[in-house]
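Hi,

Here is the structure I promised to pass on to you. Have a look at it first, and my notes follow below.

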Amino acid sequence: MNEDLKVNLSGLPRDYLDAGAAENVSAAVSSQVPVVEPEPELVVNPWDIVLCTSGTLISCENAIVVLIIFHNPSLRAPMFLLIGSLALADLLAGVGLIINFVFAYLLQSEATKLVTIGLIVASFSASVCSLLAITVDRYLSLYYALTYHSERTVTFTYVMLVMLWGTSICLGLLPVMGWNCLRDESTCSVVRPLTKNNAAILSVSFLFMFALMLQLYIQICKIVMRHAHQIALQHHFLATSHYVTTRKGVSTLAIILGTFAACWMPFTLYSLIADYTYPSMYTYATLLPATYNSIINPVIYAFRNQEIQKALCLICCGCIPSSLSQRARSPSDV
């Protein structure tokens, strides 16, 4: 009697209470049964696919240059050592982009992030430093034309290679050694886990090297124009021929420097003004052209070289075309 009174105090009909009790029992039983939730689908960022594709193309293209220089004992001059250094750096950069894609979607951990970003920073730094070293070598080959082919030049080349690779490796080790933003996201740059200060140092270093390359290429242009004028006087060339040769040399240098600036300048400036709060789309949009520089480098510095063209023709068809064997080097080939 008391139980009925207690139940009816709720003001609910008896039938409703019985139905509610049944629902509570079924809910209690169902709560004890483990619920298997569907696994989330793996969503791949299209930008990452484009970067991975770019890395694959970079790796394949530069691997050809590295193999050609490595398997040809005749390609051991300082110029070819620097071109090989550039190709090796770009090859590692391409491999780093591929590894970054694999680790990002298959093996996510802090250690893999640090190793991947360290490899990418080191390889791209070595690529830019190799471009600067090639510029220095071209300037010395023109300014000190009589004493360029000597042991002193070879020694200086090896010193440049040790310095540029040592500096690049040190820059790549900074995130691994603790200079990263994994513990403090507010210090992140546009490329996680690089810190804002780390990205700023890399950007300022790039601007400094670009300014140095610009100054060296201006001096190279002056030397090329002077050499072309001297050759024209010695061989009694027409003024139009001298003009065409000089214009070709200047346009070649403009293409080299303009391509370098167009590829790297957007990402460099963006890294200086932006941080982790900016949309990632802007980072991808500026980083992708920087990777294109590693695709263009073999075309500009390797495949345009006569000796590498001859070696490539020997590998592909087993012969050297007469157009290559009879072609003479001109002042515009800088």
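**What I found: the cavities**

Asn 62, Val 65, Ile 83, Leu 86, Ala 87, Asp 90, Asn 297, Pro 298, Tyr 301 and Ala 302 line the second largest cavity. A cavity here is a set of points, on a 1 Å grid over the protein atoms alone, where a 1.4 Å probe fits but cannot get out, and lining residues have an atom within 4 Å of a point. This is a predicted model, where local features need pLDDT of at least 70, side-chain atom pairs count only at pLDDT 80 or more, and totals for chains, interfaces and linings use all residues. Residues are numbered from 1 along each chain as its sequence is written, and side-chain values use heavy atoms, with hydrogens and water left out.

The space in that second largest cavity is about 40 Å³, a volume being the space filled by probe spheres set on the grid points, which are joined across faces, edges and corners. Searching the whole structure gives two cavities of 30 Å³ or more. The largest cavity holds about 50 Å³, and its lining includes Leu 131, Met 213 and Phe 260. Asn 297 and Tyr 301 are also among the residues lining the largest cavity.

**The disulfide**

The whole structure has one disulfide, meaning a pair of cysteine sulfur atoms within 2.5 Å. Cys 181 and Cys 188 form it, with their sulfur atoms 2.0 Å apart. Their link is right-handed, with 95° about the S-S bond.

Happy exploring!

Key:
On a 1 Å grid over the protein atoms alone, a cavity is a set of points where a 1.4 Å probe fits but cannot get out, and a pocket is an open set with protein on both sides within 12 Å along at least five of seven lines; lining residues have an atom within 4 Å of a point.
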